[in-house]
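Have a look at the picture first, then read on.

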Amino acid sequence: MNGKTVIVIAVIIGAAFAGLFFLPKQKKTEQNNGLSEIRLDYANWSPVGLVLRQQGFLEEELKKDNIRVRWVFSQGSNKSMEFLRSGSVDIGSSAGVAALISFANGNPIKTVYISTTPEWTALLLKPGSTIKSVVELKGKTIAATPGTDPYVFMVRTLAQAGLTLNDVKVVTLQHPDGRNELLRGRIDAWAGLDPLMAQAELAGAPYLYRNVDFNTYNVISVRREFAEAHPELVSRVLASYEKARRWAQEHPAEYLELVAREAKITPEVAKLLLERTGLGDAAFTGKQEASLIEAGKALQRSGILKNDRDMETMVGELIDRSYFTAVSNRKEK
C-alpha cells in the first residue's frame, strides 16, 4: 500500500466520522427548516396572550427544538397588522375586523384561532357631557384608531343612527391618546378599547352606546408564508394558546392578578376588563364568520373598504381552520 492510498483511506474514514458526528444536528435543522426564532406580538387588550407570555408555555414547548420566542408589544390591532405585513412578527393578535381590513388591503395573512370573545369597545363621552343620543354627535369630534375594532364600532354605530363619517369630525389617535384627550375634555367622544376603556369609565367618562354584537373577536393571525412553511409549528403555538386559555379558566384569581400586573393596570380596571371578556370560544364555528361578514359589509357601505369583492368569499379566504383542527385532532388521539 503506497502513501497516496493511505491518505485516501484516511480521508474517507474521517469523512464518515464527521458525518456521524453532525448527523443529529442536521436532522434537527431539517425538522425546524432552519428556524431558530419565532416572533409573536402581545397586547394589553389581549389577556390570554399576556398569560401565554408570562407563564412561558410556548418557550417550554419549543425549548426542545432550540427555537427562541421573541415578543413584540402592540398598542392596537392596527400595529399588529403592520407588524405582520412588514414581517416584524410571524403571529399576531388583533380584532377580527382589523384582520379582515388588513387582508382586504393586501396583507397576506391567515386568521387561525379565537383568543377571546370580548366586549372591548363602545362609544364613551367626555366627563360632564350632556349628549344623550348618537344622533347628537353630528358636528362633534370623535377620536378613534383606524384599522381597529373601535373604529369599525364607531362607523356601524353612526350608520345605525343615520349618520356618516362626513357628519362628524374624526380625530385619528392611538388608543391611549384617545382616552387621555377624552378625559381632558378636548374631544366629545371616543371609540374606546379595554383596558383603557375601563380606566376612562372609572374616571367618570359615561357610555353613550354599547352593543356587544358590534364587537368582533380577538383573533390570532399568522403570516401566510410562515404558516405554509411551518404548519406543524403554527399548530404547536395554538396548542400553547389553548394551554394559556385553560389556565385562565381554571385560575380566575391568579388570572386577574396576572393581567393587572402585566398590563400595568389596577385590579379594579382588570376586573372590569375580564368581566366582559369571554373565554368560551377558540374554534371558528360560523357565528364568528357571520359577525365579520356583517362588519365587512358595513365598511363597504361606508366606503372604507372597496365594494368590488364578495364579503362572504373574502372572509372565507381569510379564515383557515386547519391549523387549530390539527390541535384538536392531536388531543383526541
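## Words we need

Two strands pair if DSSP finds at least two bridges between them. Strands (E, at least two residues) and helices (H or I, at least four) are DSSP runs, numbered from the N terminus.

This is a predicted model, where local features need pLDDT of at least 70, side-chain atom pairs count only at pLDDT 80 or more, and totals for chains, interfaces and linings use all residues. Residues are numbered from 1 along each chain as its sequence is written, and side-chain values use heavy atoms, leaving out hydrogens and water.

## Strand β6 and its partners

β6 (residues 141-144) runs parallel to β7 (residues 169-172), joined by four bridges. Within this pair, T141 stands opposite K169 of β7.

Which way do the residues of β6 point? T141 and A143 point one way, I142 and A144 the other, and all are buried (under 20% relative accessible area, 1.4 Å probe, protein chains only). In a regular strand, side chains alternate between the two faces of the sheet.

## The whole sheet

Five strands form an open sheet with mixed pairing, in the order β7-β6-β8-β5-β9. At the edges are β7 and β9 (207-209), each pairing on one side only.

Terms used:
Buried < 20%, exposed > 50% of the residue type's maximum accessible area, 1.4 Å probe, protein only.
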